[in-house]
2 protein chains.
Amino acid sequence: MALVSSRTPIEDAGQASAMPLRADAARNVTQIRAAAIAAFRGRGLSTPLEEIAAAAGVSKATIYNRFGGRDGLIDAVIGELVAAEMYAIMERPQPADDPWQAIATYVRDRRDLQYREPAFTDALLMMYPNSAQLVALARAATEMTESLLRRGHDAGVLREDFTASDLYYADVANGLALRALRRPARKDYDRRTRFFIDSLRVR
Amino acid sequence: MALVSSRTPIEDAGQASAMPLRADAARNVTQIRAAAIAAFRGRGLSTPLEEIAAAAGVSKATIYNRFGGRDGLIDAVIGELVAAEMYAIMERPQPADDPWQAIATYVRDRRDLQYREPAFTDALLMMYPNSAQLVALARAATEMTESLLRRGHDAGVLREDFTASDLYYADVANGLALRALRRPARKDYDRRTRFFIDSLRVR
DNA sequence: GGATAACTTGACCCTAGGGTTAAGTTGACT
DNA sequence: AGTCAACTTAACCCTAGGGTCAAGTTATCC
């Protein structure tokens, strides 16, 4: 994957770069990022690059030049798209909180994010393991989940046979159904989320 | 879709046909059906036809000749693949049974079928609405579900805000996750099924 | 053991999408 | 205003898979 300049796609993915881009290239980067965010929001991270290029008013080769391909493009927008919200969710439950409330809030927030951002499900599925940002996000989220569940088990409020993989499986399942079926009404979606959260609590 | 003879794919899909096939053609039909069942079991109903043809030792054009395409082929094997088991599941809960047990058994049996047959999820999703058998199966299953849930609600054992679409959504979600992730161990899968069933019961 | 309708198939066309590159265009520095 | 590296892109190649058909093969009937 030889790039035109010595700048790597990773460097280009960041906001600032040692050697600034030429004016036309910088303009294109901005437009491509905007188009990618809109497209990824609507269709998930596997939207054809050609479609994004068309929306940005450039040819797809320009995306390859600027970002090195889909992985680079994802890296360049995933922060704005998903990572920022996910990190916010992870900061919400404080150690001082009631262990059950912390879990319920966390699970509900994740479900909410899935409803708003189909791309989050792609992130969950690690469909693009070459995106460094996505890998870091996944690791952080896994740690967060495990520590929350541990607290819940220790406090005796969480069903003891409920594991982190159970939550992962359930969220993947939910995200895929959300994409495969036509989007449920918010009130139906929330009710199902409530069913799920209720099922985690000790009886 | 012009066929060689006046026989339609639908007629060919059945076991017996007015005018019998030539010996070589009959042999091919048998081999194609067997290959399709094996392939659909392993990979779902969207397995490439070329792969099935290769496994059957014929060219894919023969599948088009004999079955008229994917829909016809599905029609020809869906009975053996899924419909027979699904109808069996629907006959298990008797009207005399305890309403809660009937629901729990039905839901558990469906989950079990999903685990064994990825093709069942394709059927659930109605990915191939041109298969008459699949449409009939879906209608029967929907009716069954609705009547079971009604009984559960009337008897006050089923969460009153739980609907037939909730069950459909949950089963689609489960089926998609099952296919997207690597297959969970049976004991994990069964535990998650138990969580789900527990969550349906009135508290 | 012909004749012929039934049957099969290799070779084709088409589409969507990922990825690359030679050749042309243009911004920026002098 | 000229130079040239930076930049863009049309035009390409490639793969997977759905679908079709003219030409050849073969089972069956007489």
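Residues are numbered from 1 along each chain as its sequence is written, and chains are lettered from A in the order in which they are written. In this predicted model, local features need pLDDT of at least 70 and side-chain atom pairs count only at pLDDT 80 or more, while totals for chains, interfaces and linings use all residues.

**Exercise 1. Describe the side of chain A that touches chain B.**

Step 1. Two residues are in contact if their C-beta atoms, placed from the backbone, lie within 7 Å. By this criterion, 17 residues of chain A are in contact with 17 residues of chain B.

Step 2. Helices are DSSP runs (H or I, at least four residues), numbered from the N terminus. On the side of chain A that touches chain B, α9 (164-180) and α10 (186-200) of chain A each supply at least two residues. The most comes from α9(A), with eight residues.

Step 3. This side comprises 10 nonpolar, two polar and five charged residues. Here Ala, Val, Leu, Ile, Met, Phe, Trp, Tyr, Cys and Pro count as nonpolar, Asp, Glu, Lys and Arg as charged, and the others, Gly among them, as polar.

**Exercise 2. Determine how chain A is related to chain B, and locate A:A173 relative to the rotation axis.**

Step 1. Copies are superposed by least squares on the C-alpha atoms of residues with pLDDT of at least 70 in both.

Step 2. A:A173 is the residue of chain A that comes closest to the rotation axis, at 2.2 Å (C-alpha). Not counting residues up to four places away in sequence, A:A173 touches B:A173, B:N174, B:L176 and B:A177.

**Exercise 3. Identify the residues and elements near DNA strands D and C.**

Step 1. A residue is near a strand if its C-beta atom, placed from the backbone, lies within 6 Å of it. DNA strand D is surrounded by 25 residues, the closest being A:V58, A:S59, A:A61, B:A23 and B:A61. α4(A) contributes the largest share of this surface, four residues.

Step 2. Around DNA strand C there are 25 residues, of which A:A23, A:A61, B:A25, B:V58 and B:A61 come nearest. The most is given by α4(B), with four residues.

Step 3. The surface near DNA strand D divides into 11 nonpolar, six polar and eight charged residues. The surface near DNA strand C has 11 nonpolar, six polar and eight charged residues.
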